[in-house]
Amino acid sequence: MPASTGKRREGGSDEGGAAMKAILKIALGIIAAIGGFLDIGDLVFTTQAGALFRYDLLWAVVLGVFGIGVYAEMSGRVAAVSGRPVFDVIRMRMGFGVGLLALVASTLVNILTVAAELGGIAIVLELLFDAPYSMFVFSGAIALVAIVALLPFGGIERFFGYGGLLLFVVVAAVVHQDPDWGDVARGLVPSLSSSTLYLYFVVGVFAAALMPYEVHFYSSGAIEEGWTEENLKENRLNAILGYGIGGILSVALVVASGYLFHPLGVEPNDLGTVALPMQGAFGETGLLLALGGMLFCVGGSAVDSSFAASYNLAQFLGWEWGRYQGPGKAPRFTASWLVFLLVGIAIAESGINPVEITEYSVVFSVVALPLTYLPVLLIAGDRSFMAEFANGRIATVLGWLYFVVIVVLALAAIPLLLATNAGGG
Amino acid sequence: MSGNADSRIRASAAVLLFAFLLAASGCGDLGKAELTRGVESLSALAAQGQLVASGVARDATKSTYARVMSKTLGEEAEHEAEKLADATPQAGTEEERDAAVAIAGEISQLLSELQTYPGDENHGSLVQGHLEEAQEKAEALSARLNGEKA
């Protein structure tokens, strides 16, 4: 997530101090990106992947994390250079028809994601305070509205991003478990299997890392914070280091789960199970750190995905948008955000297990991925539009390679969902 | 549209509706593979329950967490028991189906006990041991269904 302002201080009697501040801002942005990287989809799919296949799917996690880094960097660069966020680019580049299709697909996925994240907040609060789930869905949403109303955009990101860092307890738990590191390393080597369940989880962990709302939010956030060409270095560091180091959390979740759950035959179908390895390693303290980190991660993702849904709609319809404008100057944007949140509450309150909602939202999102990432790739590589900031050779090759992978997975996602009964075997 | 076509559509719709209701009610035939899958799920639930109980036994958990997790896992075991009990087992697997229902009931009861005493280390330790036994029974049953020697 971009996390610092693009406004620069002019002139400079104190150039050293200004440079120090800039470095600090970049570092804080990266830390926020690390903490805000995981959402309920990552928590669920990585833990299940570890339990079912031990370390065999680590390569797919790394592939997904690297992919989101590549595309987030591109979308942030396009936003900083052109002042256009991803959805604006989709409509401009692909036309109204395809833009509308992308809007409908991404909105459906975003609503499911909002519902799943709100359900995730309620589950974690229920585990901490043992009060009814339905009460926590509602009160969790109210708390989100209050946080969004009270904090500036950068403050919202930092609040959830820094809180999410509590999940580094997973890394500590892995070190404490001391698994066979050779086995872990072997899991980083790509391997395929004829098992449909294995292939379903390849799609799941990859898609969970590349959820479309992440780039929608990232690029719109860049504009919220007034990024310009001067922020390109910051963008690159945020996207590559932030997501990259954040990916370590995903890898740690797979390893922690694979180490503890795989030999016992545990099937983690509940969000609460994600915290068990940390309880095993550090007792109640580990459990509380894990639950706290999960709460910040799913809370941050609820904000990101609901904002992404409103950004997309407002950008497609040409409304005034942006948290920085305040509700008075962007009333339709603000109203649509509240509506998306209400729809999310209604779905989460319907009694459907949030983990099931998550699985469907992640797998359906794969189908929407090409519509999100192709326009980004095309515009970021367009020299007539991006001039000297267009994709270089490495970004072009990586972008197209990832796009091929995305298309293959998009074609395979629904058949695999049906063949495996949504991972139920 | 002709009357014939109309009646064919109505018949197809009725068959589909019946199939849907049958599937939704869980009252269909219970094949050996599905029974085995159900028993494996019970084993997984027992294993997960042991981890929760172990936290209680070691005083290394938060009681709200242990209570909610026990409740959730217990409900899953109960649901599995109902699903298995309602279905008609494939000929020759009636005994295994009944054994699976009994194991599911046992797991559900143990988790209910943990839900009641999430802060009691002695109960935690006892439940952990009994869940381990329940898991062993489930694994033996699964092996029998797979034609392996238990």
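This is a predicted model: local features need pLDDT of at least 70, side-chain atom pairs count only at pLDDT 80 or more; totals for chains, interfaces and linings use all residues.
## Confidence

One stretch to treat with care is residues 1–13 of chain A, where the pLDDT is below 50. Even so, that stretch has 44 contacts in the model beyond near neighbours in sequence.

## The nonpolar core

Next, the inside. The largest nonpolar core counts 178 residues. Those with the most contacts inside this core are Val170(A), Val203(A), Val205(A), Met294(A), Val376(A) and Ile107(B). Helix 12 of chain A gives the core its largest share, 21 residues.

Setting aside neighbours within four places in sequence, Val205(A) is in contact with Phe45(A), Thr46(A), Ala49(A), Leu57(A), Ala60(A), Val61(A) and Gly64(A).

## Helix 7 against helix 12

Helix 7 of chain A covers residues 169–177, while helix 12 of chain A spans 276–317. Their axes come within 9 Å and cross at roughly 170°. An angle over 145 degrees counts as roughly antiparallel, so that is how helix 7 and helix 12 of chain A lie to each other.

Who meets whom here? From helix 7 of chain A come Val169(A), Val170(A), Ala173(A), His176(A) and Gln177(A). On the helix 12 side, the partners are Pro277(A), Met278(A), Ala281(A), Phe282(A), Gly286(A), Leu289(A), Ala290(A) and Gly293(A). Sorted by class, this contact has nine nonpolar, four polar and no charged residues.

## Helix 9 across helix 15

Another pair in chain A is helix 9 (residues 196–209) and helix 15 (residues 354–380), whose axes come within 9 Å and cross at roughly 75°. The two helices are therefore roughly perpendicular to each other.

Helix 9 of chain A brings Val203(A), Gly204(A), Ala207(A) and Ala208(A) to this contact, and helix 15 of chain A answers with Val362(A), Val363(A), Ser365(A) and Val366(A). Six of these residues are nonpolar, two are polar and none is charged.

## Where the chains touch

How many residues does each chain bring to the contact between chain A and chain B? Chain A puts in 20 residues and chain B puts in 17. On the chain A side, helix 4 (86–129) and helix 12 (276–317) each supply at least two residues. The largest share of that side, seven residues, comes from helix 12 of chain A.

Definitions and conventions
Residues are numbered from 1 along each chain as its sequence is written. Chains are lettered from A and ligands numbered from 1 in the order in which they are written. Axes are lines fitted to C-alpha atoms, for helices over the stretch in contact, and angles run from 0 to 180 degrees between N-to-C directions. Helices (H or I, at least four residues) and strands (E, at least two) are DSSP runs, numbered from the N terminus. Angles under 35 degrees count as roughly parallel, over 145 as roughly antiparallel, 65 to 115 as roughly perpendicular and the rest as oblique. Two residues are in contact if their C-beta atoms, placed from the backbone, lie within 7 Å. Ala, Val, Leu, Ile, Met, Phe, Trp, Tyr, Cys and Pro count as nonpolar, Asp, Glu, Lys and Arg as charged, and the others, Gly among them, as polar. pLDDT is the predictor's confidence in each residue, from 0 to 100. A nonpolar core is a set of buried Ala, Val, Leu, Ile, Met, Phe, Trp, Tyr and Cys residues joined through C-beta atoms within 7 Å. A residue is buried if 20 or more other C-beta atoms lie within 10 Å of its own, exposed if 12 or fewer, and partly exposed in between; C-beta atoms are placed from the backbone.
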